[in-house]
Amino acid sequence: MLIWKRIEPVPSDSVITLTPTITFADCPQLDVICVPGGYGTDELMLDEDVLAFLRRQEKVAQYVTSVCTGSLVLGAAGLLQGYRAATHWTATGALPFFGASVSHERVCIDRNRVTGGGITAGIDFALTLVSMLRGRAAAEMIQLRMEYNPAPPFAAGSPDTAGSGRARRAERGCRLLRRGHQDRHRQ
């Protein structure tokens, strides 16, 4: 299900437009909640309708999950207080403001909270969640069908391996992109 306030196209941070399949008001109780990340999370962190929906769903959900900066939205809803959580490396400094402990794991599992790190960790997150819901064999079959056998061409996929200078430049670039996204959506 793709859930939003209204059934109307929602622009993404790229050329793709997403169309929700159900509204907050009509959504049944979910077994798994997954909040995606991306540049739109800044607005979601301040959206009381979104935060209230997550709080209502969290009370019964088997798993409360996020990928990338979606963990900040969970945090803003008060759903990471006392939990460990992962997020995109440029956003780890925000997690403690929500009472969460920072995890640098690609996938962090803390009780019924499952959070994934930035972008590519989303694949590891999805496979982990499938294994929790349907078993390891199902997750391994999906991994094989995807031919997911990462072998990055460079050792620069995290601040630890990329070096501090490159990480600082990347962090500045992320801030500029986020500001540009916010400016476009204010117009």
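## No disulfides here

Let's start with the cysteines. A search of this whole predicted model turns up zero disulfides. As a reminder, a disulfide is a covalent bond that links the sulfur atoms of two cysteines.

Cys34 counts as partly exposed, at 42% relative accessibility.

## Two residues with a positive phi

You'll find Cys68 in the loop between strand 6 (63-67) and helix 3 (70-76), and it counts as buried at 9% relative accessibility. Its backbone has a positive phi of about 60°, even though Cys68 is not a glycine. For context, most residues other than glycine have a negative phi.

Glu147 is another non-glycine residue with a positive phi, this time of about 55°. Glu147 belongs to the loop between helix 5 (136-146) and helix 6. Is Glu147 buried or exposed? Glu147 is exposed, with a relative accessible area of 69%.

## The largest pocket

Now for the open spaces. The largest pocket has a volume of about 1,000 Å³. It is lined by 30 residues, and those closest to its centre are Leu2, Trp4, Leu18, Pro36 and Leu44. Several elements give two or more residues to this lining: strand 1 (3-4), strand 2 (10-11), strand 5 (32-35), helix 1 (41-44), helix 2 (48-58) and helix 7 (164-186).

Which element gives the largest share of the lining of the largest pocket? That would be strand 5, with four residues. Sorted by class, the lining of the largest pocket has 21 nonpolar residues, seven polar ones and two charged ones.

## The second largest pocket

The second largest pocket has a volume of about 700 Å³. Its lining is made of 25 residues, and Arg106, Gly118, Thr120, Gly157 and Ser158 are the closest to its centre. Two or more lining residues come from helix 4 (121-134), and two or more also come from helix 6 (159-162).

How do the lining residues of the second largest pocket divide by class? There are 12 nonpolar, 10 polar and three charged residues.

Ser103 lies in the loop that runs between strand 8 (101-102) and strand 9 (107-110). With a relative accessibility of 6%, Ser103 counts as buried. Its side chain makes a polar contact with the side chain of Glu105, at 2.7 Å. Setting aside neighbours within four places in sequence, Ser103 is in contact with Arg84, Ala85, Ala86 and Cys108.

His88 is also a loop residue, placed between strand 7 (84-85) and strand 8. It counts as buried, at 12% relative accessibility. The side chain of His88 makes a polar contact with the side chain of Thr90, at 2.9 Å. Leaving out neighbours within four places in sequence, His88 is in contact with Cys68, Thr69, Gly117, Gly118, Ile119 and Cys174. Two of those names have come up already: Cys68 has the positive phi of about 60°, and Gly118 is among the residues closest to the centre of the second largest pocket.

Thr128 is part of helix 4. Beyond its neighbours within four places in sequence, Thr128 is in contact with Val107 and Ile109.

Gln62 sits in the loop between helix 2 and strand 6. This residue is partly exposed, with a relative accessible area of 43%. Not counting residues up to four places away in sequence, Gln62 touches Asp31, Asn112 and Leu133. Gln62 and Arg175 are 113 residues apart in sequence, and their C-alpha atoms are 34 Å apart in space.

How values were computed. Residues numbered from 1 in each chain as written. Predicted model: local features only at pLDDT ≥ 70, side-chain atom pairs only at ≥ 80, totals over all residues. Heavy atoms only, no water. 1 Å grid on protein atoms, 1.4 Å probe; cavity = no way out; pocket = protein on both sides within 12 Å on 5 of 7 lines; lining within 4 Å. Points joined across faces, edges and corners; volume = space filled by probe spheres on them. Nonpolar A, V, L, I, M, F, W, Y, C, P; charged D, E, K, R; others polar. Disulfide = S-S within 2.5 Å. Buried < 20%, exposed > 50% of the residue type's maximum accessible area, 1.4 Å probe, protein only. Polar contact = N/O pair within 3.5 Å; in protein donor to acceptor, adjacent residues only side chain to side chain. Contact = heavy atoms within 4.5 Å.
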